[in-house]
Amino acid sequence: MTDLFFRAILAENLALSFFLGMCTFLAVSRKVGTATGLGIAVVAVQMVTVPLNNLVHAFLLDAGAWGWIGLAEVDLRFLRLITFIGIIAATVQILEMVLDRFFPALFSALGIYLPLLTVNCAILGGSLFMADRGYGFGESVVYAAGGGIGWALAVMVLAAIRERLVYADVPPALRGVGMAFVVTGLMSMGFSVFAGMAAP
Amino acid sequence: MSTRRLLTDPLVDQNPVTLHLLGICSALAVTTNLDTALTMAAAMTVVLVLASVIISTIRRLIPQEIRLIVQITIIATLVMVIDLALQAFLFDISQRLSIFVSLIVTNCIILGRAEAFAMRNPPWPSLVDALGNAAGYSLVLVVVAILREILGTGDLLGYSVLPTVENGGWFEPLGFMALAPSAFIVLGLLVWALRALRPSQIEAPDYAARGTEGRP
């Protein structure tokens with residue numbers, strides 16, 4: 001479990017080794033403050049949707065999931081994608097309403113990032129990887145936490161570097177996005193060092 | 001805008017990937033080899049064109065409040081069909097693309113074109129616009145994939161382009177090109193090259209250092 005957790009944060013970082021959630025990753029990494037808000041939102045949504053999708057996958061969609069009422073040959077795995085995206089969209093919407101009603105301070109801090117996350121591939125990717133690799137419920141919670149924290153860590157580090165880059169004399173055509181790509185590449189190289197690391 | 005402009009603008013001047021930064025995830029992930037990149041580009045083209053035409057046809061029937069859900073459901077259905085078709089006819093490549101075909105659903109180019117163009121225009125211009133954007137996306141994918149495959153292995157689609165040392169040639173393959181970091185760096189350099197050619201795409205500096213305000 002610890003092994004899975006750290007692998008999800010470092011060696012198999014969703015942003016840096018699987019390129020997930022790149023659109024938001026590059027668009028919302030100009031300031032450390034906003035990047036932190038987005039990172040926390042990703043962790044929160046990931047921790048709710050991946051375990052939820054895990055339950056739905058195990059009890060409704062997986063091959064043989066309907067065995068208990070005598071429909072053992074029913075295999076609804078082809079509905080995975082449309083179910084997951086529906087659940088993610090609904091969860092984000094509900095989360096938004098709950099935060100607005102009970103935690104207004106948190107809502108005003110995270111509110112603007114939540115709608116972005118419906119079409120963030122890091123969220124959908126987390127659920128799809130979970131289903132592909134056949135994680136159990138416990139593993140899916142750990143994987144969601146690790147994946148979310150890893151993505152948040154990457155976006156915060158990139159934002160911190162980009163804040164510093166403002167003072168650098170970058171060639172005009174490379175300014176902004178081009179430089180963000182190159183810096184992300186170097187970060188990804190740094191994170192790939194963790195690939196050989198195993199939990200003690 | 002004329003039909004021709006609709007088709008050619010997204011290739012370089014309004015490229016969805018390098019200028020609008022849409023659909024980058026898959027542009028980075030599937031470009032280790034040219035064959036996966038071409039498969040992905042074809043899948044993306046089919047989904048984008050069909051989604052745009054369908055959404056544009058029923059645009060007057062979609063209630064404004066729930067349009068995002070309707071659009072995503074249409075796109076997800078199309079992606080499911082493509083995914084199953086790839087698993088049926090190109091199983092090997094679909095295994096190597098892993099979850100990235102499914103992730104076409106969250107590719108912002110499709111939702112972006114649906115929102116910005118197909119919801120406001122009749123089917124025919126939407127079709128042309130979708131084709132143009134798909135071509136712009138495919139162009140970036142193919143360029144990055146060709147660079148990475150040639151430099152990473154010396155081969156292209158199984159044909160030897162640069163004779164490698166192993167086979168008695170001179171080229172030492174750069175293993176780095178097959179790894180994740182190189183995708184970011186190659187795409188970054190591509191953006192650099194494009195903006196050097198099209199200076200109007202250069203971003204304004206976030207901050208002008210003292211004494212350099214007058215500098216271009």
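**Confidence, a cavity and a pocket**

In chain A, helix H6 (residues 114-118) has the lowest confidence, with a mean of 75, and helix H8 (residues 137-165) the highest, at 92. Confidence here is pLDDT, the predictor's own score for each residue from 0 to 100, and helices are DSSP runs of H or I with at least four residues, numbered from the N terminus. Over chain A the mean pLDDT is 84, with 98% of residues at 70 or more. The model is predicted: local features need pLDDT of at least 70 and side-chain atom pairs 80 or more, while totals for chains, interfaces and linings use all residues. Residues are numbered from 1 along each chain as written, chains are lettered from A and ligands numbered from 1 in written order, and side-chain values use heavy atoms, without hydrogens and water.

The whole structure holds 1 cavity of 30 Å³ or more (on a 1 Å grid over the protein atoms alone, points where a 1.4 Å probe fits but cannot get out; lining residues have an atom within 4 Å of a point).

Of its 17 lining residues, A:Arg80, A:Asp132, B:Asp83, B:Gln87 and B:Ser102 lie nearest the centre. Helices H4 (80-102) and H7 (121-132) of chain A and H4 (67-89) and H5 (91-96) of chain B each give two or more residues to this lining. H4(B) supplies the largest share, 4 residues. By type, the pocket lining has 7 nonpolar, 5 polar and 5 charged residues (Asp, Glu, Lys and Arg count as charged; Ala, Val, Leu, Ile, Met, Phe, Trp, Tyr, Cys and Pro as nonpolar; the others, Gly among them, as polar). Volumes are the space filled by probe spheres set on the grid points, which are joined across faces, edges and corners.

Definitions and conventions
On a 1 Å grid over the protein atoms alone, a cavity is a set of points where a 1.4 Å probe fits but cannot get out, and a pocket is an open set with protein on both sides within 12 Å along at least five of seven lines; lining residues have an atom within 4 Å of a point.
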